[in-house]
Amino acid sequence: MSFASIPPMVRRSRSVGAEVAAHLERLITSGELRAGDRLPAERDLAASLNVSRASLREAMFELESKKLIERHQGRGSVVAEQPEGVSQLYEGLSELDVEIANATELRDLVEPRIAQLAAVRAADSNLLSLEEVLARSHEELSPEESLALDVEFHTLLAHAAQNPLLVTLCTMTTDWTRRTRELSHRTLEGRRISVRGHRAIFEAVVARRAVPAGAAMERHLREIREVSTRA
């Protein structure tokens with residue numbers, strides 16, 4: 001029986017359980033761990049991450065509650081499949097012939113609400129994941145690297161809203177508006193504006209201020225559109 005390979009974890013000063021949950025959640029949301037992948041036994045996983053089994057169990061319980069993994073007595077843990085309703089929504093939406101203006105309008109409606117919900121619902125592990133992405137984000141990155149972190153930030157924020165349907169909508173609008181986002185990351189100014197916007201959103205989410213978080217997202221999306229038209 002083969003198990004998924006789990007890379008080392010960067011340690012910070014917060015709850016160890018939250019750190020472990022954030023690390024594994026990032027691997028799942030980024031696609032490094034895929035649906036159906038079997039995680040190592042808890043004893044082995046705790047040893048590889050250099051944490052106690054109690055901290056690992058805390059993390060696994062959180063991931064299970066988020067429906068990111070499934071735990072089976074005597075059979076271990078596996079990365080969960082998407083809920084059926086989410087898969088059906090994704091398949092249905094992917095068949096649409098979507099114009100960029102419509103996709104942008106949908107994003108303007110959905111993402112501020114995601115930011116608001118994240119400010120209310122985000123777990124410590126979600127905040128750690130977002131913080132880690134911001135730590136890697138800066139204007140000197142290549143356009144490709146900057147865009148990848150942009151997508152990762154918005155995806156993790158959607159997960160922090162604790163609603164899988166919103167994650168699906170966020171993923172779809174990301175695909176539909178990729179051309180506009182690529183333009184915004186071509187220039188130093190665009191990358192600087194993107195990082196600044198993400199930090200403002202994150203600060204509001206960490207402060208648990210829903211309305212300012214939504215407003216920060218609205219401002220971020222508006223600024224990205226403006227810089228895209230100049231690229």
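Among contacts in the protein between residues at least 6 apart in sequence, 75% join residues at least 24 apart, where contact means heavy atoms within 4.5 Å. This is a predicted model, in which local features need pLDDT of at least 70 and side-chain atom pairs count only at pLDDT 80 or more, while totals for chains, interfaces and linings use all residues. Residues are numbered from 1 along each chain as its sequence is written, and side-chain values use heavy atoms, with hydrogens and water left out.

Let us start with the overall layout. The protein has 11 helices and two strands; helices (H or I, at least four residues) and strands (E, at least two) are DSSP runs, numbered from the N terminus. Along the sequence they follow the pattern α-α-α-β-β-α-α-α-α-α-α-α-α.

Next comes the surface. The protein exposes about 11,700 Å², with carbon and sulfur atoms supplying 50% of it; accessible areas come from the Shrake-Rupley method with a 1.4 Å probe, and for residues only the protein chains shown count as cover. Of the 231 residues, 48% count as buried, meaning under 20% relative accessible area (1.4 Å probe, protein chains only).

Now take a look at E62, in helix α3 (residues 53-65). E62 is buried, at a relative accessible area of 16%. Setting aside neighbours within four places in sequence, E62 is in contact with A21, A123 and S125. E62 and A22 are 40 residues apart in sequence, and their C-alpha atoms are 9.8 Å apart.

Finally, find S184 in helix α9 (residues 178-184). S184 is buried, with a relative accessible area of 1%. Not counting residues up to four places away in sequence, S184 touches G190, R191, I224, V227 and S228.

Technical notes
Buried means under 20% relative accessible area, exposed over 50%, partly exposed in between (1.4 Å probe, protein chains only).
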